[in-house]
Amino acid sequence: MSARRRPVRRRGRPRSRKRKQAYTGGEVLLGVLVIVWLVSALLDWLAAHPWVPPLVLLTAGAGAFYWFRLRAQEQRQRQAQTRTLRYQMARLDQLQHRQFEHAIRDLMLRDGCHDAVQVGGAGDNGADVKATDPFGRRWVIQCKHRRAGLAGAAVGTPDLHVLNGTGRPVHKGDVIVLVTNGRFTKPALDFAQSQRLHLVDRHTLASWAEGSRPLWELLPAVPPPRRPTSLS
C-alpha cells in the first residue's frame, strides 16, 4: 500500500499580518486625531478663560518660593545646631562603629567642611569619612571604634596599610587620618610618621569632640592650604 500524503496546508499568515498592520495603523491614526482634538479644545478653553494661565504660574511661583524659603530656614537651623555640636567621650564610647563614623562626619561639618560625607562600608577602600576643609584641603579619614576605649585592642600597623595605600592615589587626599577612641601601638606611631599619616588617639579626639577647635589646629604638620581664604 502506498503511504498517504498529508494535505498541503495553505499559508494564510501573510494575509493576516497585513490585516493586523492595517488595523494597527488605524488605531494610531485615531489616537492622533483624538490628541489633536483635545489640544484644540484646550486651546479654545484657554482662549475663553485667559486668566487661567497667569493664575497657574502665580500659584506655582508662590509654591516654589515657599518651598525654597522653608529649605533655607531648615538649613540655617541645622548649621546653627552643628556649630554648637559637642561629644563627650563617654557618649562616643557607647556608639556603634557606623554611628562613630557619622559622629566624625558631623564634627567635620561643625568645623566648616560643608561637603563632609560618611562613605564607610563595603568597598570603601579604607575611607570612612571624606571632607574638604575651608582651606581647600581634602581630608580622608578612617575610623576605628573601640567599645572598651583605652582598654580595647590598640590600633596597629595593619590597620594603616590600606589607608596608606589608597588615601592619596585613590581618594586624592591631602590629609590622611586615622581616628580612634582608643590608642595606637608604637609601631603604628612610627609607621604613620614615616608615611605622613595623621593619627587621632583618644586624647586628641577628646580635645576635638568636647571643644570647639577644628581638627587641623590640633594636628601637627598639616599640609598648607590649597587656596587662600578669609580664615588664613
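Throughout this tour a residue is called buried when its relative accessible area is under 20%, exposed when over 50%, and partly exposed in between, using a 1.4 Å probe and protein chains only. The model is predicted, with local features needing pLDDT of at least 70 and side-chain atom pairs counting only at pLDDT 80 or more, while totals for chains, interfaces and linings use all residues. Residues are numbered from 1 along each chain as its sequence is written, and side-chain values use heavy atoms, with hydrogens and water left out.

**The whole chain**

Of the 232 residues, 34% are buried.

**The sheet**

Next select the strands, which form an open sheet of mixed pairing in the order E1-E2-E3-E4-E5, two strands being paired if DSSP finds at least two bridges between them. E1 (117–118) and E5 stand at the edges with a single partner strand each, so one side of each has no neighbour in the sheet. Moving to E4 and E5, you will find that they run parallel and are joined by 3 bridges, and that Val179 stands opposite Val200 in E5.

**Helices on the sheet**

Contact here means heavy atoms within 4.5 Å, and the angles, which run from 0 to 180 degrees, are taken between N-to-C directions of lines fitted to C-alpha atoms, for helices over the stretch in contact. Helix H5 (residues 157–166) lies across E3, E4 and E5, and runs at about 150° to E4.

**Helix H7**

Now select residues 202–210, which are helix H7, and look for its buried residues: Arg202, Thr204, Leu205, Ala206, Trp208 and Ala209. These pack against helix H3 (89–94), helix H4 (97–110), strand E4 (175–180) and strand E5 (198–200).

**Arg202**

Finally, which residues surround Arg202 once those up to four places away in sequence are set aside? Arg202 touches Met89, Asp93, Gly149, Leu150, Thr180, Asn181 and Gly182, and its relative accessible area is 19%. Its side chain makes a polar contact of 2.7 Å with that of Asp93, a polar contact being a pair of N or O atoms within 3.5 Å of which, within protein, one must be able to donate a hydrogen and the other to accept it, residues adjacent in sequence counting only if both atoms are side-chain atoms. The side chain of Arg202 also reaches the backbone oxygen of Asn181 at 2.8 Å.

Notes
Helices (H or I, at least four residues) and strands (E, at least two) are DSSP runs, numbered from the N terminus.
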